[in-house]
Amino acid sequence: MITGYVLGESLRPGAVFAPHGLRIRKVERTDVSASAAAGQPGVWTLVEWEADDDGAADAVAEALAAALEPTLGWYADFTVGDERVVVFAGKVFRYRRGDEAGRAEAVAYGRSVGTPEHQLDWAE
């Protein structure tokens with residue numbers, strides 16, 4: 001099973017994120033005004049999703065990479081089996097959970113594209 005989330009505000013205008021087989025688990029609006037970085041909205045829409053087919057991970061990652069806004073370092077992440085997948089606009093990182101080098105590579109990329117340090121906190 002694949003489980004993950006995407007922030008509605010992280011999608012670029014006109015983008016569609018609709019990979020085959022995805023189901024919405026929950027949609028939640030959260031006030032993040034105390035921790036939002038400059039240029040980010042103070043309220044975020046968290047869309048949690050899941051898919052049964054682990055083989056769909058590549059398609060989901062590609063769809064996210066194509067849909068995410070390239071400014072402000074937005075990213076989405078999800079798990080598939082024992083892997084963590086972290087997706088930025090146009091870039092996908094996959095590593096086994098607990099792989100410090102794999103995580104460090106994704107974090108370094110996030111920094112390079114403007115992800116605020118305190119937001120590079122995805123769960124393992």
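# Questions about the chain

Q: Leaving aside its neighbours within four places in sequence, which residues is threonine 45 in contact with?
A: The answer comes from a predicted model, in which local features need a pLDDT of at least 70 and side-chain atom pairs count only at pLDDT 80 or more, while totals for chains, interfaces and linings use all residues. Residues are numbered from 1 along each chain as its sequence is written, and side-chain values use heavy atoms, with hydrogens and water left out. Since contact means heavy atoms within 4.5 Å, and with those neighbours set aside, the partners of threonine 45 are Val6, Leu7, Gly8, Glu9, Val27, Glu28 and Arg29.

Q: Which residue's side chain is joined to that of threonine 45 by a polar contact?
A: Threonine 45 has its place in strand E3, where strands (E, at least two residues) and helices (H or I, at least four) are DSSP runs numbered from the N terminus. A polar contact is a pair of N or O atoms within 3.5 Å; within protein, one must be able to donate a hydrogen and the other to accept it, and residues adjacent in sequence count only if both atoms are side-chain atoms. At 2.6 Å, the partner of threonine 45 in such a contact is arginine 29.

Q: Is tyrosine 75 buried or exposed?
A: Tyrosine 75 lies in strand E4, which covers residues 75-80, and the residues it touches beyond four places in sequence include Val86, Phe88 and Trp122. The word buried means under 20% relative accessible area and exposed means over 50%, with partly exposed in between (1.4 Å probe, protein chains only). With a relative accessible area of 8%, tyrosine 75 is therefore buried.

Q: Which residue's backbone oxygen lies 2.5 Å from a polar atom of the side chain of tyrosine 75?
A: The residues that tyrosine 75 touches beyond four places in sequence include Thr115, Gln119, Leu120 and Asp121. One of them supplies a backbone oxygen 2.5 Å from a polar atom of the tyrosine 75 side chain, namely glutamine 119.

Q: With which residue does glutamate 50 form a salt bridge?
A: Side chains of opposite charge can pair when their charged atoms come close. A salt bridge is a side-chain nitrogen of Lys or Arg within 4 Å of a carboxyl oxygen of Asp or Glu. For glutamate 50, the closest N and O atoms are 3.2 Å apart, and the partner is arginine 23.

Q: How many residues apart in sequence are the parts that glutamate 50 and arginine 23 tie together?
A: The salt bridge joins glutamate 50 to arginine 23. Glutamate 50 lies in strand E3 (residues 43-51) and arginine 23 in strand E2 (residues 23-31), so the separation of the parts they tie together, in residues, is 27.

Q: Which helix holds aspartate 58?
A: The side chains of aspartate 58 and arginine 94 meet in a salt bridge, with 2.5 Å from N to O. Arginine 94 lies in strand E6 (residues 91-96), so the pair ties together parts that are 36 residues apart in sequence, and the element that holds aspartate 58, at residues 57-67, is helix H1.

Q: How many degrees of arc do the buried residues of H2 cover around the axis?
A: The buried residues of H2 are Gly102, Arg103, Ala106, Val107 and Gly110. They lie on the same side of H2, because the arc they cover, taken from the directions from the helix axis to the C-beta atoms, is only 130 degrees.

Q: Which strands do the buried residues of H2 pack against?
A: The face of H2 turned away from its buried side carries the exposed residues Glu100, Ala101, Glu105 and Ser112. The buried residues of H2, by contrast, pack against strands E5 (83-88) and E6.

Q: In what order do the elements of the chain run from the N terminus?
A: The chain contains two helices and six strands. Of its 124 residues, 40% count as buried. Read from the N terminus on, the order of its elements is β-β-β-α-β-β-β-α.
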